[in-house]
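Subject: Structure for your files, with notes

Hello,

Here is the structure I said I would pass on.

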Amino acid sequence: MDIYALLKQDHEKVTELLDKLDETGDGAVKTREKLFAQLKQELTAHSEAEEKTFYDALKKAEETREIVLEGVEEHHVASALLTELDAMPKDDERWGAKLSVLKENVTHHIEEEEKELFKKARKVLDAAQAEEIGKRMEAEKRALLAQV
Ligand SMILES: [Fe+2]
Ligand SMILES: [Fe+2]
């Protein structure tokens, strides 16, 4: 699988978990805990592996450097929100509000990656590179998920 197909697959998984979590109420503590644990693991591994492989290749190119730097900062915001959501009781009325903010952030980030960054990246990377970076992303993610 090339890097674009792989990232899209991850993005769909994260979006699905965010949608499901967004539908839960303050009383659904167990469901929130279960889905949130999945989301945190998936989103953290995705962002780290993405930075180490895809972003790393693109930050060297003039056309993609700026959007990659912005992407890293967006990962940082998402990671901070995940930490806060993790620490907060799942029946707190602020939990759902915070989750919605995370969802908005991540949705915007994914859109920017798939629309803007992918388009520019296709000019920077050839098909063989896209394939090779996909393989490395897969290995990187597997290693990160094995740590937890
Ligand atoms: Fe991504
Ligand atoms: Fe990202």
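The notes below cover the metal site, the pocket and cavities, the salt bridges and one further residue. Please keep in mind that this is a predicted model.

Metal site

The iron ion (ligand 2) has four coordinating residues: Glu50 and Glu113 through OE atoms, His75 and His109 through NE2. The distances run from 2.0 to 2.2 Å. Along the sequence these donor residues follow the spacing E-x24-H-x33-H-x3-E. The glutamate at position 50 and the histidine at position 75 are 25 residues apart, the former in helix α2 (residues 29–58) and the latter in helix α3 (residues 62–87), so this pair links distant parts of the chain.

What is the arrangement of the four donor atoms around the iron ion (ligand 2)? The angles they subtend range from 82 to 162°, which makes the arrangement irregular.

Pocket and cavities

The largest pocket has a volume of about 160 Å³. Its lining includes Lys40, Leu43, Thr44, Ser47, Glu48 and Glu51, together with His75, His76, Ala78, Ser79, Leu82 and Thr83. Helices α2 and α3 are the elements that give two or more residues to this lining. By class, the pocket lining has three nonpolar, six polar and three charged residues.

The search of the whole structure also finds two cavities of 30 Å³ or more. The largest cavity has a volume of about 100 Å³. It is lined by 14 residues, and those nearest its centre are Leu43, Ser47, His75, Val106 and His109. Helices α1, α2, α3 and α4 each supply at least two residues of the lining of the largest cavity, and α4 gives the most, with five. The lining divides into five nonpolar, six polar and three charged residues.

The second largest cavity holds about 40 Å³ of space. Tyr55, Ile67, Gly71, Glu74, His109, Glu112, Glu113 and Leu117 line it. Here α3 and α4 each supply at least two residues, with α4 again giving the most, at four residues. Three of the lining residues are nonpolar, two are polar and three are charged.

Salt bridges

The count comes to 16 salt bridges. Three of them are described here.

Lysine 13 and glutamate 42 meet through their side chains, with 3.3 Å from N to O. Lysine 13 lies in helix α1 (residues 3–22) and glutamate 42 in helix α2, so the pair ties together parts that are 29 residues apart in sequence. Lysine 13 is partly exposed at 46% relative accessibility, whereas glutamate 42 is buried at 5%.

Glutamate 111 and lysine 115 form a salt bridge at 3.8 Å, N to O. Both are in helix α4 (residues 93–124), and because they are four residues apart, about one helical turn separates them. Glutamate 111 counts as partly exposed at 45%, while lysine 115 is exposed, with a relative accessible area of 57%.

Glutamate 132 and arginine 136 form another, the closest N and O atoms being 2.9 Å apart. They too are four residues apart, in helix α5 (residues 127–147), and so about one helical turn separates them. Glutamate 132 is partly exposed at 40%, as is arginine 136 at 36%. Elsewhere, salt bridges with shared partners join Asp10, Lys13, Glu42 and Lys141 into one network.

One further residue

Aspartate 19 is in helix α1 and, at 31% relative accessibility, counts as partly exposed. Aspartate 19 and leucine 43 are 24 residues apart in sequence, and their C-alpha atoms are 14 Å apart in space.

Regards

How values were computed. Residues are numbered from 1 along each chain as its sequence is written. Chains are lettered from A and ligands numbered from 1 in the order in which they are written. This is a predicted model: local features need pLDDT of at least 70, side-chain atom pairs count only at pLDDT 80 or more; totals for chains, interfaces and linings use all residues. Side-chain values use heavy atoms; hydrogens and water are left out. Donors are N, O and S atoms within 2.8 Å of the metal (3.2 Å for Na, K and Ca); water is not among the atoms, so sites may look incomplete. Four donors count as tetrahedral if all angles lie between 85 and 135 degrees; four count as square planar and six as octahedral if opposite donors are over 155 degrees apart and all others between 65 and 115; anything else is irregular. On a 1 Å grid over the protein atoms alone, a cavity is a set of points where a 1.4 Å probe fits but cannot get out, and a pocket is an open set with protein on both sides within 12 Å along at least five of seven lines; lining residues have an atom within 4 Å of a point. Grid points are joined across faces, edges and corners, and a volume is the space filled by probe spheres set on the points. Ala, Val, Leu, Ile, Met, Phe, Trp, Tyr, Cys and Pro count as nonpolar, Asp, Glu, Lys and Arg as charged, and the others, Gly among them, as polar. A salt bridge is a side-chain nitrogen of Lys or Arg within 4 Å of a carboxyl oxygen of Asp or Glu. Buried means under 20% relative accessible area, exposed over 50%, partly exposed in between (1.4 Å probe, protein chains only).
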